[in-house]
Amino acid sequence: MPQKLDAAAVRVWCAGALEALGREREEIDAINVYPVADGDTGTNLYLTAESAATAVEAVFAAHEAGPGLFGAAGEPETSAVIRAMAHGALLGARGNSGTILAQLLRGIAERVADGGGIADALDRAAVLAREAVAHPVEGTVLTVADAAAAGARAAGPGDAAAARAAYEAAREALAETPDRLDVLARAGVVDAGGMGLLAVLRALVAAVTGETPAAPARGPVAGHGPVTASASVSASASADAGSAVGACGGDGPAFEVIYLLEADDPAVAALRARLDALGESLVVVGGDGLWNVHVHVDDAGAAVEAGVEAGRPHRIRITHLAGATAPVPEQVQRAVVVVVPGEGLAGLCAQAGAVTVLARPGEPPASGELVDAIRRAHAREVVLLPNSAELRHTAAAAAEQARTEGVRVALIPTRAAVQGIAALAVHEPARRFDEDVVAMTAAAGATRYAELAVAEHRSWTTAGVCQAGDVLGLIDGDVAVIGTDLTATAVAVLDRMLAAGGELVTLVLSADLPDGPGTAARLERHVRDAHLAVDTVVYESGHGASPLLIGVE
């Protein structure tokens, strides 16, 4: 086993942390009483770790597909891997605990990427996490992170010694959290976020040393009742928790607001001040122009508007907090959840009654986001349209998770947004569920799809050699046409697709496309003149999507 945190160890660490949090998720959820007793800390930590692990695996997959910007020793550069871990956590951070975990991982990545050891990395992580929280509270995950950093600093030389010492110090600090935070003492539990961090640190020790340290003892701490409640928090502890968090949960703000924000540092500083005045549990993490914002407020709209004034917010999630008085939506019989590549298509699908998940370039949604969307649908039956071959495993994991929560989910393996549009067009909630799924699957399967993209570098393709800047026409995922003009390439792609017949052409144009309306008009005219009895519909996908998507039914 490596005795340092190199690329391979980072990979093992992320996988181990994800496994550990998955194993302990329910227990951590059960003891979640601060800052809000909403029972989701374990889940939020798991989803954040999942996003980090997925990003790490993507770096290794890219390296295996074609080493280039990586090390010569058979694996990616450690800096690339650990920065991907931190970036993935930032994109997928959930809740108060997940947002803090993302900042801890960012601090670790900063130091390790620059050649620092684990002790230096944990020290930086603790500092960044504390700075990210508007009003730090002792007896929380911040206290456990501080203890881990102090333990690592006091250890002997080497990453292995630092990791072991950090874990032992964090374990002791976690056991003492009820002494530092009254709400934990009254509920008879340790801090849920701190318990999650301990699982992450235990995975770190295993990744660096090959030895998994013993888990903390379960059972009561003198004077505090059950520490973690291995099976569940006792009924009396749960009741105590409910009364103990009155000031920070049950009578607190009604909504949790989370979004990613593209903004510069001065704008974020002003945003922190404004959101701090609007609510509580404010955590802002990130940097280098991309931030993850978390806050509990009564006026969710004002929190989002503050983000709009600061920069460009996206992946906005608004969740009703447990204990607040806002009504929970009534459950419906059936809903459709669809992944879309642009805000324009999101609006189109929402008008058709679907719950949408936005997929931005380089930021595919994690399974947790899809599960969240299924939950937001508040439906007994859900049809899931991933609209991407790359999301098939992610969507399958989300569907399986939702099924364990009692939702009947049908996953239709749509590979492109135009297939999802075709499926949504024939969706009929009044039909029996199985009949509706069959009709939607048939409509998607009958739709051939194409995409126009711009080559980023010289490369071999199934249609020959392309140069940087060439327009590529991909039909059913394979490069079929290489051109220099977008409209001409689109015409060639359309003619190839319609040679086998077709009744309806769907064009989805990016809002970033120069002269988009003119391009759409020329393509519509070509279809009308060259292919009789074929109708054409045009939609706008929004910013950041592929220049042109084509569907032929």
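Select the lining of the largest cavity: 14 residues are nonpolar, none polar and none charged. Keep in mind that this is a predicted model.

**Stop 1: the largest cavity**

Show Leu-104, Ile-108, Leu-122, Leu-197 and Leu-201; of the 14 lining residues, these lie nearest the cavity centre. Now colour the helices around the space. The elements α4 (95–113), α5 (118–132), α6 (141–154) and α10 (192–209) each give two or more residues to the lining. Across the model, the count is four cavities of 30 Å³ or more.

**Stop 2: the second largest cavity**

Select Trp-13, Cys-14, Ala-17, Leu-18, Ala-49, Ala-52, Met-85, Leu-101, Leu-105 and Val-200 to display its lining. The largest share belongs to α1, with four residues. Check the classes: 10 nonpolar, no polar and no charged residues.

**Stop 3: Ala-490**

Jump to helix α20 (residues 486–498) and pick Ala-490. Is Ala-490 buried or exposed? Its relative accessible area is 0%, so Ala-490 is buried. Display its surroundings. Beyond the neighbours within four places in sequence, Ala-490 is in contact with Leu-452, Leu-523, Leu-548 and Ile-550. Finish by drawing a C-alpha to C-alpha distance from Ala-490 to Gly-473: 7.0 Å in space, across 17 residues in sequence.

Conventions. Residues are numbered from 1 along each chain as its sequence is written. This is a predicted model: local features need pLDDT of at least 70, side-chain atom pairs count only at pLDDT 80 or more; totals for chains, interfaces and linings use all residues. Side-chain values use heavy atoms; hydrogens and water are left out. Buried means under 20% relative accessible area, exposed over 50%, partly exposed in between (1.4 Å probe, protein chains only). Contact means heavy atoms within 4.5 Å. On a 1 Å grid over the protein atoms alone, a cavity is a set of points where a 1.4 Å probe fits but cannot get out, and a pocket is an open set with protein on both sides within 12 Å along at least five of seven lines; lining residues have an atom within 4 Å of a point. Grid points are joined across faces, edges and corners, and a volume is the space filled by probe spheres set on the points. Ala, Val, Leu, Ile, Met, Phe, Trp, Tyr, Cys and Pro count as nonpolar, Asp, Glu, Lys and Arg as charged, and the others, Gly among them, as polar.
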